[in-house]
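Thanks for asking me to look this one over. Here are my notes, point by point, to read alongside the model.

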Amino acid sequence: MARAIGANTRLLMLPESTYGTAPTGNFRRLPFLSCDLGAEQPLLDADVIGLGGTRDAAAPFLDTVTVAGSAVVPVDLINIGHWLRLLLGAPTTSGTTNYTHTFKSGGASLPSNSIELGYPDVPSYDLITGVRADTLEIDFSPSGPATASFGLIGQGSTRSGASSGGTPTSAAYTAFNKAQGSISRSGSALAQVTGAKLSFTNSVETVRTIRADRKIEGADPGICRATGQVTVRFADTTLLTQAQNGSSADFAFAYTIDANRGLTFTLHEVYLALAKTPIEGPGGIEAAFDFRAAYNATATTMMTVVLKNQQAATEYA
């Protein structure tokens with residue numbers, strides 16, 4: 001009997017037309033690093049007294065089903081757009097041959113996808129429906145692979161011995177790496193940055209109702225929030241002054257291959273917390289500034305994500 005190993009697993013995904021209803025047709029096969037999305041149903045104790053005249057416990061019972069987890073994926077030129085669509089909604093696309101896909105935070109509703117995790121060695125296929133993306137975490141540093149972690153909430157999960165993904169399609173894989181990263185403030189490159197991290201949440205609330213299938217009724221988005229931290233060598237007072245004044249500036253976090261291939265997260269109104277400049281010995285001094293973003297009336301959004309590639313609008317429709 002074969003044993004399941006991660007190298008042979010696969011992740012398939014496709015948007016749903018109706019929340020919680022798996023679409024038909026050919027799913028997309030997406031590259032990933034790890035994924036722990038799945039259904040859990042805990043056992044609860046029944047504290048019944050007097051069974052058989054002993055102190056032994058009664059049989060436990062199954063509680064409600066929870067479907068949640070995260071997916072860590074490479075930040076690449078094409079496939080990352082499908083995760084951004086799940087997080088922010090469908091983009092506005094412009095261009096011919098070279099396309100610009102613009103995603104914005106704060107939409108009134110969020111899409112849902114079905115995700116199938118396949119373990120062909122067993123075989124076992126876990127079809128998870130009603131999946132919405134709640135969170136994104138991405139970090140920037142001078143070197144290493146570029147990855148992103150998406151927090152996911154699903155409605156239901158069904159396991160079977162055969163795939164529901166049809167004949168999966170795959171896109172070309174072109175990865176970004178952290179050496180291609182850059183951070184700018186108010187349109188100018190921010191100097192002396194040693195690291196940064198960006199966190200975004202849709203503040204999704206699971207709606208639990210009384211249902212025979214024990215699934216959630218839905219996953220409703222709440223207030224969008226974008227937070228993070230920028231760590232810099234203490235070489236000037238630009239960020240320190242902004243924090244002291246309580247003023248805002250736009251910050252852009254980007255990965256760029258060339259003029260027609262790139263990914264940029266722009267926070268249009270960023271406020272910095274005041275940071276210490278600790279002296280920890282004879283080496284260089286660093287300051288870590290926590291930040292929070294807010295809605296910007298001029299941009300009409302808090303966060304804009306621009307993905308430039310050679311994929312037409314239909315790729316992320």
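1. A pocket here is an open set of points on a 1 Å grid over the protein atoms alone, with protein on both sides within 12 Å along at least five of seven lines, and a lining residue has an atom within 4 Å of a point. The volume is the space filled by probe spheres set on the points, which are joined across faces, edges and corners.

2. A word on the source: this is a predicted model, in which local features need pLDDT of at least 70 and side-chain atom pairs count only at pLDDT 80 or more, while totals for chains, interfaces and linings use all residues. Residues are numbered from 1 along each chain as its sequence is written, and side-chain values use heavy atoms, leaving out hydrogens and water.

3. Which elements supply at least two residues each to the lining of the largest pocket? They are β15 (188–189), β19 (225–233), α2 (238–245) and β22 (286–293), and α2 gives the most, with 3 residues. Helices (H or I, at least four residues) and strands (E, at least two) are DSSP runs, numbered from the N terminus. By class, the lining of the largest pocket has 10 nonpolar, 4 polar and 3 charged residues. Nonpolar covers Ala, Val, Leu, Ile, Met, Phe, Trp, Tyr, Cys and Pro; charged covers Asp, Glu, Lys and Arg; the others, Gly among them, are polar.

4. Next, the cavity, meaning a set of grid points where a 1.4 Å probe fits but cannot get out. A search of the whole structure finds 1 cavity of 30 Å³ or more, and the largest cavity holds about 50 Å³ of space. Its lining consists of M13, L14, P15, R28, L30, H82, R85 and N113. Two or more of these residues come from each of β1 (10–15), β2 (28–30) and α1, with β1 giving the most, 3 residues.

5. W83 and F150 form a stacked pair (planes under 30 degrees apart), at 5.5 Å centre to centre and 25° between the planes. W83 belongs to helix α1 (residues 80–88) and F150 to strand β12 (residues 147–154), so that the pair links parts of the chain 67 residues apart. W83 and F150 are both buried, that is, under 20% relative accessible area with a 1.4 Å probe, protein chains only.

6. W83 returns in the largest nonpolar core: of its 62 residues, W83, L152, F253 and F265 touch the most other members. Such a core is a set of buried Ala, Val, Leu, Ile, Met, Phe, Trp, Tyr and Cys residues joined through side-chain atoms within 4.5 Å.

7. Finally, S105 sits in the loop between β9 (99–104) and β10 (113–119). Why does S105 count as buried? Because its relative accessibility is 9%. Leaving out residues up to four places away in sequence, S105 touches L88, F200, T301, M302 and M303, a contact being heavy atoms within 4.5 Å.

Terms used. Rings of Phe, Tyr and Trp (its six-membered ring) pair if their centres lie within 6.5 Å; planes under 30 degrees apart count as stacked, over 60 as edge-to-face and the rest as tilted. Buried means under 20% relative accessible area, exposed over 50%, partly exposed in between (1.4 Å probe, protein chains only).
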